Amino acid sequence: MTEQDFRDLFIAPDCSLHEALARLNRTARGLLLVLAADGKLLRTLTDGDMRRAALAHLPDATRVSELPQRPPLTVADDEPLSTAVALLDRHEIDHLPVIDAAGRPVDIVLRRELTQRIWLSSPHLGEDETAFVAEAFRTNWIAPLGPHVDAFERELADHVGVGHAAALSSGTAAIHLGLLLLGVQPGDTVFCSCLTFVASCNPIQYCGARPVFIDAEPGSWNMSPLALARAFAWAEREGRLPRCVIVVNLYGQSADMDALLPLCERYGVPVLEDAAESLGASYKGRASGSFGRVGVYSFNGNKIITTSGGGMLVADDEALIARARKLATQAREPAPHYEHVETGFNYRMSNVLAGIGRGQLRVLPQRVQQRREVFETYRAALADVPGIHWMPQPPGMHSTRWLTCLTLAGEDAGARRDQVLRSLERHSIEARPVWKPMHLQPLYRGAPWFPHAEGTDLAAQLFATGICLPSGSNLEPGQITRVIAHLRRALARAEP
Ligand SMILES: *Cc1c(COP(=O)(O)O)cnc(C)c1O
């Protein structure tokens, strides 16, 4: 609903029933909002009210104010959607005006939208997945191994230009194994981007090691080379260099590898590249995920391509990947019986899911293009809205725009961001804040953290003011239009 559509629902109390009926007919929402001169909501006027007036033989010229008074059911602007839904259900109605502190209508909750939820990032299957899965069934390869697993590994490694790949049960499992391959042991420290999903760093704890968090930088929102340099200088002074550095590529965009990798090389510390969110992106022409000693992708349901759940560990070093496959299958030694000398895991991907992955990989370039188009649609449609900044894409970086992200600028940006998220939720649009940084999580309280610039916390700022919009490659044009219309209204109301 655009601002104009919304305002078209406003009528004055001295309006005649005839005029009201014509307006109801034209706006076709099933209700009008009757406003006093000061803009306060006096009542709603529904199709039902008109029917009752007709049955009572009220003349057409009757004024709306002469109808039996009915105080309006409303919900306050700062109430959660659940309150509105409870009211809709209790009173068996289909729409509920939202009013501000002064009693003026600012929005409307529509039951119809509640059943047409727009998701942040939903799975988008191509045409080949079912055939691959059917083949797994037909050949009875319903196992955590099999021809689809081998083929998916080879195809993905080729796609990103890395020597070898191991298909695993999740991206988290891939990070865990990656850390073990790089020699992370109990008592070690591991540097990690602070602005990320918790799965980037939880595996540090699985290894009994401790994370040290590195701030983001404004250019790419990824690991700040300045913060990384501070952390290395500190670690050197302490005489405890980290065992590895986890560089995360956020929201479909690579970190600034040309600035980060030489620093890690200078200290002789290997990089694990968490490319769970950046499959399909590139940095200076090279595939994101191919820069670290090991790289990790995820095929969770919300990622750019999915196997419903799964991950991939990639590396040029064949021996490393062979070791990953062994650790992922209970670390079984080559013997006819079950022989074990070290602790392994059950981390392999199933052959059925690898079949889905093969189909998805074929449409990856299309999915990248589609997500980038979603981003461009938002950007073009909101170009005239002041005070919003899109996640930047520095020269040389080709982002997939896995999620379209923006930050609000100006005073009270944090409070306004919350208000915008609440408004979108009322229209059943799934938008989210940017990741809450790891050094602000209770789970990681007390972990060392190094800023991009002294006295500031860039990751915390991005978290406080950032919004991720619905970005799926299967969003329909009408859905994007709906998000844009509601977002425009929410942003206009949230102007500083
Ligand atoms: C999704 C994600 C992961 C974890 O992948 P799963 O397959 O869900 O285990 C790791 N890191 C980042 C940055 C992610 O977004």
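**Exercise 1.** Determine the handedness of the crossing of H13 and H16 and describe the contact.

*Solution.* Step 1: the crossing of H13 and H16 is right-handed, that is, the near helix is turned clockwise from the far one by less than a right angle. The model is predicted; local features need pLDDT of at least 70, side-chain atom pairs count only at pLDDT 80 or more, and totals for chains, interfaces and linings use all residues. Residues are numbered from 1 along each chain as its sequence is written, and side-chain values use heavy atoms, with hydrogens and water left out.

Step 1: the axes of helix H13 (residues 351-381) and helix H16 (residues 477-493) come within 11 Å and cross at roughly 35°. Axes are lines fitted to C-alpha atoms, for helices over the stretch in contact, and angles run from 0 to 180 degrees between N-to-C directions. Helices (H or I, at least four residues) and strands (E, at least two) are DSSP runs, numbered from the N terminus.

Step 2: H13 contributes Val374, Thr377, Tyr378 and Ala381 to the contact, and H16 contributes Ile480, Val483, Ile484 and Arg488; contact means heavy atoms within 4.5 Å.

**Exercise 2.** State whether asparagine 140 is buried or exposed, and do likewise for arginine 401.

*Solution.* Step 1: most residues other than glycine have a negative phi. Asparagine 140, however, has a positive phi of about 60°, and arginine 401 has one of about 50°.

Step 1: asparagine 140 is found in the loop between helix H6 (129-138) and helix H7 (147-160), whereas arginine 401 lies in the loop between strand S17 (397-398) and strand S18 (404-408).

Step 2: buried means under 20% relative accessible area, exposed over 50%, and partly exposed in between (1.4 Å probe, protein chains only). Asparagine 140, at 62%, is therefore exposed, and arginine 401, at 6%, is buried.

**Exercise 3.** Identify which strands stand at the edges of the open sheet of 8 strands.

*Solution.* Step 1: the order is S7-S15-S14-S11-S10-S8-S9-S20, with mixed pairing; two strands pair if DSSP finds at least two bridges between them.

Step 1: strand S7 (164-168) and strand S20 (449-450) each have a single partner strand, so they stand at the edges, with one side of each left without a neighbour in the sheet.

Step 2: inspect one pair. Strand S8 (residues 189-193) and strand S10 (residues 244-248) are parallel, with 3 bridges, and cysteine 192 stands opposite isoleucine 246 in S10.
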